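Please open the structure in your viewer and display it as a cartoon.

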Amino acid sequence: MVIGVIGGVGSGKSTVLDYLEKNYLACVIKADDVAKQIMEYKTEVFCKIADCFPEVICGQKIDAEKLAQIVFSDSSKRELLNSITHPGTIKAINQRIAGSKAELTVVEAALLLGTGIEHQCDELWYIYCNEATRIRRLMENRNYSMEKAKNIIKSQPSDEDYRKACTNMIDNSGSIEDMKEQIDRLLCILPCGF
């Protein structure tokens, strides 16, 4: 079974993934990790980024923080970066899904919808969290300013867009125990036999 996990930044997707990996032995595929791997030195993606964003290249590395500042403040530059990174990431994720030998494979991506990967998933789970909690988490865990947290949240799909696309929703605004109970209930009723 393949479950796609989506939700905005600060919604707690990593906590959900950790629980699925540890308690259900899920093979977890994180789009951000895949994207970082395809952006390593001398890859096709690295070279394209170097051409389009030369100011973020520091020797053999991409200054991810500087790149993020650029793309989160300019939607046209964000679209350009996405046109470079998304195709390679999607291809690599599809290869990992196909190669997974686990009973449960979980694919996490903030922007899974519209990539085609969602069609590989038997279920799509939306990890919801209210905006105030997301902002607080981003400020505490990533040292983001309130303005930066709000700008990133604003740049992502709305709750309504996520809800329309998903099979199930997990409200991760509360305690970790509450989140775990919601996951356990969902996996108990799925036909995969968990």
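Two strands are said to pair if DSSP finds at least two bridges between them. Helices (H or I, at least four residues) and strands (E, at least two) are DSSP runs, numbered from the N terminus. The model is a predicted one, in which local features need pLDDT of at least 70 and side-chain atom pairs count only at pLDDT 80 or more, while totals for chains, interfaces and linings use all residues. Residues are numbered from 1 along each chain as its sequence is written, and side-chain values use heavy atoms, with hydrogens and water left out.

**The whole chain**

Along its principal axes, the C-alpha trace spans about 50 × 40 × 30 Å. The radius of gyration is taken over C-alpha atoms, and the globule rule is 2.2 Å times the number of residues to the power 0.38. For 194 residues, a compact globule would have a value near 16 Å, and the 17 Å of the chain agrees with this.

A residue is called buried under 20% relative accessible area, exposed over 50%, and partly exposed in between (1.4 Å probe, protein chains only). Buried residues make up 41% of the 194 residues.

Next, select the strands of the open sheet: it has 5 strands in the order 2-5-1-6-7, with parallel pairing. Its edges are strand 2 (27-30) and strand 7 (168-171), each of which pairs on one side only. Axes are lines fitted to C-alpha atoms, for helices over the stretch in contact, and angles run from 0 to 180 degrees between N-to-C directions. On average, neighbouring strands of this sheet are turned by 25° against each other, direction ignored.

Now select strand 1 (residues 2-6). With strand 5 (residues 105-108), strand 1 pairs in the parallel sense over 4 bridges; Val-2 has Thr-105 as its bridge partner in strand 5. Strand 1 also pairs in the parallel sense with strand 6, over 4 bridges, and here the partner of Ile-3 is Glu-123.

Strand 1 is largely enclosed by the rest of the structure, because 5 of its 5 residues are buried.

Contact means heavy atoms within 4.5 Å. Select helix 1 (residues 13-24), which packs on the sheet and touches strand 1, strand 2, strand 5 and strand 6 (123-128). The direction of helix 1 makes about 170° with that of strand 5. Then select helix 5 (residues 75-99), which lies across strand 1, strand 2 and strand 5 and runs at about 175° to strand 2.

Helix 4 makes the contact through Leu-67, Ile-70, Val-71, Phe-72 and Ser-73, and helix 5 through Ser-75, Lys-77, Arg-78 and Leu-81.

**Single residues**

Go to Met-179 in helix 9 (residues 176-189). Met-179 is buried, with a relative accessible area of 1%. Leaving aside neighbours within four places in sequence, Met-179 is in contact with Thr-15, Val-16, Ile-170 and Asn-172. The C-alpha atoms of Met-179 and Ile-127 are separated by 9.5 Å, although these residues are 52 apart along the chain.

Turn to Lys-150 in helix 7 (residues 146-155). Lys-150 is partly exposed, at 39% relative accessible area. From Lys-150 to Ile-127 there are 23 residues in sequence and 18 Å in space, C-alpha to C-alpha.

**Two loop residues**

Most residues other than glycine have a negative phi. Leu-25, in the loop between helix 1 and strand 2, is not a glycine and yet has a positive phi of about 50°. Leu-25 counts as exposed, at 70% relative accessibility. Finish at Lys-42, in the loop between helix 2 (31-38) and helix 3 (44-52). Its phi is also positive, near 70°, and Lys-42 is exposed, with a relative accessible area of 63%.
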